[in-house]
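Hi everyone, thanks for coming. Let's take a look at this one together, and I'll walk you through a few places in it.

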Protein chains: 2
Amino acid sequence: MLAAFEGGRQAMTDQHKNPKSDIEIAQAAKMKRIAEVAKDSLGIDADKLEPYGHYKAKLSLDYIKTLEKKPDGKLILVTAMTPTPAGEGKTTTTVGLGDGLNRIGKKAIICLREPSLGPCFGMKGGAAGGGYAQVVPMTDINLHFTGDFHAIGVANNLLAALVDNHIYWGNQLGLDERRIIWRRVVDMNDRALRNIVNSLGGIADGFPREDHFDITVASEVMAIFCLATDIDDLKRRLGNIIVGYTREKKPVFAKDLDAHGAMTVLLKDAFQPNLVQTLENNPAFIHGGPFANIAHGCNSVLATKTALKLADYVVTEAGFGADLGAEKFLDIKCRKAGLKPEIAVVVATIRALKMHGGVAKEDLGKENVKAVIDGAENLSRHVENLKKFGLLVIVAINKFSADTKEEVDQVRQICAELGVDAIESDHWGNGGAGAKDLAKAVVKKIDQNGSNYAPLYNDALPLWDKVRTVAQTLYGAQGIIADKKVRDQFKELQDGGFGHYPVCIAKTQYSFSTDPNLKGAPSNHVVPIREVRISGGAEFVVAVCGNIMTMPGLPRIPAANSIDVNEAGEIVGLF
Amino acid sequence: MLAAFEGGRQAMTDQHKNPKSDIEIAQAAKMKRIAEVAKDSLGIDADKLEPYGHYKAKLSLDYIKTLEKKPDGKLILVTAMTPTPAGEGKTTTTVGLGDGLNRIGKKAIICLREPSLGPCFGMKGGAAGGGYAQVVPMTDINLHFTGDFHAIGVANNLLAALVDNHIYWGNQLGLDERRIIWRRVVDMNDRALRNIVNSLGGIADGFPREDHFDITVASEVMAIFCLATDIDDLKRRLGNIIVGYTREKKPVFAKDLDAHGAMTVLLKDAFQPNLVQTLENNPAFIHGGPFANIAHGCNSVLATKTALKLADYVVTEAGFGADLGAEKFLDIKCRKAGLKPEIAVVVATIRALKMHGGVAKEDLGKENVKAVIDGAENLSRHVENLKKFGLLVIVAINKFSADTKEEVDQVRQICAELGVDAIESDHWGNGGAGAKDLAKAVVKKIDQNGSNYAPLYNDALPLWDKVRTVAQTLYGAQGIIADKKVRDQFKELQDGGFGHYPVCIAKTQYSFSTDPNLKGAPSNHVVPIREVRISGGAEFVVAVCGNIMTMPGLPRIPAANSIDVNEAGEIVGLF
């Protein structure tokens with residue numbers, strides 16, 4: 001049930017024989033000073049930057065405002081087929097494609113999500129790309145980075161403290177202690193905090209009630225942070241967070257507690273996009289990192305919009321497979337932010353195709369053309385889905401050393417029949433040089449055809465029908481079902497003024513269906529909706545279909561045990 | 001019971017008539033770029049700094065190592081009489097004295113603690129000085145600053161997660177769930193988290209047990225962070241944290257959980273001292289901020305030692321009154337770090353003296369020489385105490401507009417009889433220029449006399465006798481008492497190999513006694529010890545005498561309600 005975390009953290013050290021580890025490659029990188037990257041690649045003067053050390057910087061909001069009138073570059077989405085334990089390399093491909101575009105003389109910026117700190121101490125593996133397609137400084141990015149997630153955590157927890165403090169001092173707003181939905185957060189995999197009873201101890205300690213902690217990235221503050229267009233919009237959205245309900249089921253908002261001003265103050269610096277670089281010294285914005293299940297799973301709108309003003313091509317990624325990440329990118333982020341993506345690059349690997357074709361992980365090293373063909377059903381479904389949004393599509397085959405010519409040719413053939421190109425890309429092994437073919441193909445495709453992007457459904461469609469549309473059109477489902485209680489919740493939200501919100505479907509990332517074991521492209525399944533939640537500040541309605549874990553645990557032997565500082569003062573064991 | 005927080009947060013806006021607010025003064029400050037401050041004042045090149053924006057920087061540990069052979073400057077401690085609600089202005093005086101020393105041509109650096117973020121949202125008031133004696137950028141310093149406390153919080157919570165995770169996966173070390181002493185932390189005033197039951201929910205969520213959250217500054221990680229001399233010492237101390245006991249009462253250490261390496265990685269960047277500036281562009285290190293009750297209440301050893309290599313005079317402060325802060329500075333920090341302080345500046349105000357003389361807060365505006373004389377008993381006791389450590393002593397009268405000549409003359413007279421100078425200082429109203437007399441007096445005193453600093457007791461004295469020595473010698477107590485259970489704990493620690501540690505006495509800061517209502521200089525009282533705790537990584541034994549609050553709550557109308565970002569994007573309502 002580790003639904004929350006993604007393939008990026010599964011180190012792909014077996015991509016090639018005897019490779020250097022990611023951290024070795026990253027630590028050997030010849031980084032430029034970030035002020036130099038900003039000046040050379042983007043023409044930004046050092047005084048528009050807030051440096052965080054010499055290799056990370058935030059871009060000032062005042063400077064960003066001056067870009068308003070500039071034309072936008074082209075937006076490229078990197079997404080993937082349904083993830084498998086073999087790893088697809090979505091972040092790696094995003095970085096590689098960005099470097100590839102720069103290699104062929106295009107001005108390109110990549111936009112990524114910030115990794116969550118907590119999971120670093122659980123499973124081994126970072127989330128800043130891999131091989132020769134990484135963003136650096138990678139240990140910083142994987143640890144505290146510029147402190148954004150800490151700011152988000154504090155803002156979240158200030159609101160939580162204000163909720164219980166309000167009740168303590170007389171509960172003028174009449175919050176029902178049983179109906180408080182706002183949770184506390186820590187940026188740590190800490191299962192002991194999933195379910196607690198708080199406010200124990202006596203009169204001076206409050207009114208005991210059931211409470212829960214999520215990991216910081218699951219906070220609605222994170223989703224808001226990533227969707228807000230400016231500080232005013234950030235504050236407005238924070239004020240609209242629903243913290244709980246009265247006994248009469250009337251929502252109580254963060255603004256009712258006068259919390260949103262102070263929360264905005266806590267987020268003000270963090271809200272400035274972070275600039276770092278790839279191993280090839282090309283600019284990368286890494287900003288925000290919401291979950292791709294209970295939230296929309298993309299980096300901040302502000303970073304993406306800023307990048308579009310500064311570059312001709314912006315390469316960004318969305319979480320999980322295209323059914324989750326790309327759908328939310330297109331139906332939530334792009335719809336709300338007025339973004340017009342041109343093309344979707346669907347990352348596939350021969351290994352993942354074989355796994356969808358029924359091959360066990362230990363047998364992936366052997367050629368199996370039949371399994372590739374069978375597994376390609378999954379890829380085909382994603383490609384067809386993305387076309388339904390009016391996007392151009394290219395398949396990127398993220399190269400592994402065990403791939404055979406027959407297997408790769410088979411994928412090309414299948415893609416040709418779908419009318420899309422499948423391009424082999426070796427950015428993991430060769431950086432931007434390995435991704436030049438992919439970059440050229442992407443540019444050619446964009447130049448030939450205009451984008452026809454449109455979201456899958458209209459704002460006006462009722463919430464229930466929005467979920468059904470996604471399930472039927474993209475998941476191949478027969479329909480959706482829910483208990484009366486859940487259907488009543490849909491009705492309440494529809495009648496309560498939230499009917500025009502997009503829906504955010506939280507389901508397993510391992511299948512088009514809600515059963516993680518159903519690989520390939522299942523059809524005629526039914527999607528059961530267990531629960532509906534309203535994110536009043538993020539402005540979407542979450543339909544929960546399955547067990548969604550918002551507080552992971554640590555494994556029996558956590559990565560923390562082997563993380564250390566060596567005699568030379570270097571960090572070891574992190575990836 | 002807000003024992004944890006200090007006078008600094010009570011904004012002294014009534015120090016003079018119609019003053020500008022602290023935040024107005026701070027926002028109007030003409031700051032220099034921090035690289036300029038480092039270069040001009042300290043001769044440090046920009047590449048030895050890790051910038052955090054343009055006005056904050058961390059000093060690289062490699063650079064600090066190169067200073068080892070340089071001679072040390074003179075160390076000046078700013079402490080205070082017993083705090084009252086009237087406010088004494090210890091931080092303000094530290095900043096003012098530093099600026100005053102620079103004004104009279106001396107090379108001086110100030111060393112302060114970092115403020116805790118959580119309390120900003122409770123009571124109004126920051127902790128970065130006041131009036132024209134402040135450190136800037138003050139909103140940054142009072143909020144996230146350079147993220148040190150966030151790093152300390154995560155390191156603390158990683159260890160907590162590893163403890164419960166260890167139990168979850170089979171509890172090989174045999175930790176007794178009832179004897180876990182390691183608590184979780186948040187940097188927030190959140191009374192709901194003081195006492196909780198965690199790990200509820202079922203088999204996958206762990207073994208339910210009673211648990212507690214402290215505010216981040218109360219973490220032993222904070223105390224360790226401030227006492228460690230380098231990264232190796234930091235890691236060693238983190239490994240020696242006792243997280244709990246087995247059923248057989250055998251201690252279980254952080255190193256038994258392999259936690260200390262990863263905790264060190266989390267603290268590595270934070271461990272570099274932070275450089276900022278005063279309103280007069282003089283250098284200030286602000287680094288670390290442990291409680292002054294359950295911990296030792298001073299900024300980091302690393303910052304103080306680094307400052308001593310870079311300046312001729314280093315002005316630092318210790319928490320609360322001299323009975324708590326100065327005693328711990330001298331008996332814990334200086335003893336352990338091999339520091340040799342020259343002089344203690346005891347901050348007094350006419351207002352505070354009157355309150356100790358029995359005047360109510362609302363009557364402080366009226367002249368009352370008799371009350372000043374009565375209240376001076378408190379000041380005299382502190383002065384005599386500090387002499388017992390072999391220190392030179394000067395009294396600084398932090399000037400308020402309502403002070404009369406007769407009142408001030410009376411204090412001078414009393415101090416003269418004690419053999420110490422009492423110098424009026426108007427740094428609040430006039431910055432360094434207002435503190436020149438104080439600066440001159442301090443320099444003159446240091447030049448005339450050598451320091452004879454020695455801690456109050458020897459390492460070899462048994463723990464119980466150490467506490468008694470402090471209580472009798474400094475508090476004026478008849479003796480100390482404790483239940484058999486507590487006396488047994490003393491014996492266990494003494495026999496368990498911790499007998500050579502210094503003691504850290506946690507008691508109210510409002511009286512020499514354990515009764516906060518006993519003003520002045522009470523004698524022949526008895527100090528009851530309620531509890532003993534061992535801080536195995538910080539390497540001291542805490543004797544708890546009274547209710548010590550390690551997780552504050554928010555007031556009925558929290559400051560958070562009025563904190564906001566205005567149309568111009570400026571922070572308002574913070575102080």
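Let me start with a question: how many residues lie between E12(B) and E13(B) in their hairpin? There are four, and Lys249(B) in that turn has a positive phi of about 65°. Before going on, some housekeeping: this is a predicted model, where local features need pLDDT of at least 70, side-chain atom pairs count only at pLDDT 80 or more, and totals for chains, interfaces and linings use all residues. Residues are numbered from 1 along each chain as its sequence is written, chains are lettered from A and ligands numbered from 1 in the order in which they are written, and side-chain values use heavy atoms, leaving out hydrogens and water.

Helices (H or I, at least four residues) and strands (E, at least two) are DSSP runs, numbered from the N terminus. E12(B) covers residues 242–246, and four of its five residues are buried, so the strand is largely enclosed by the rest of the structure. Buried here means under 20% relative accessible area, with a 1.4 Å probe and protein chains only. Strands pair if DSSP finds at least two bridges between them. E12(B) is joined to E13(B), residues 251–253, by three bridges, running antiparallel, and Tyr245(B) has Pro251(B) as its bridge partner. E12(B) also runs antiparallel to E7(B), residues 175–180, with two bridges; there, Leu175(B) stands opposite Thr246(B).

Next, a pair of helices in chain B. H8(B), residues 231–239, packs against H9(B), residues 260–267, at an angle of about 135°, with the axes 9 Å apart. Axes are lines fitted to C-alpha atoms, for helices over the stretch in contact, and angles run from 0 to 180 degrees between N-to-C directions. Which residues of H8(B) and H9(B) make the contact? From H8(B) they are Ile231(B), Leu234(B), Lys235(B), Leu238(B) and Gly239(B), and from H9(B) they are His260(B), Met263(B), Thr264(B) and Leu267(B). Contact means heavy atoms within 4.5 Å.

One more stop in chain B: helix H15(B), residues 427–434. Its buried residues are His427(B), Trp428(B), Gly431(B), Gly432(B) and Gly434(B). Among the elements covering them are helix H4 (90–103) and helix H16 (436–448) of chain B.

Finally, over to chain A, where an open sheet of three strands has the order E21-E24-E23, with mixed pairing. The edge strands are E21(A) and E23(A), each pairing on one side only. The twist averages 25° from one strand to the next. E21(A) and E24(A) pair in the parallel sense over five bridges, and Val503(A) stands opposite Val541(A).

Technical notes: Buried < 20%, exposed > 50% of the residue type's maximum accessible area, 1.4 Å probe, protein only.
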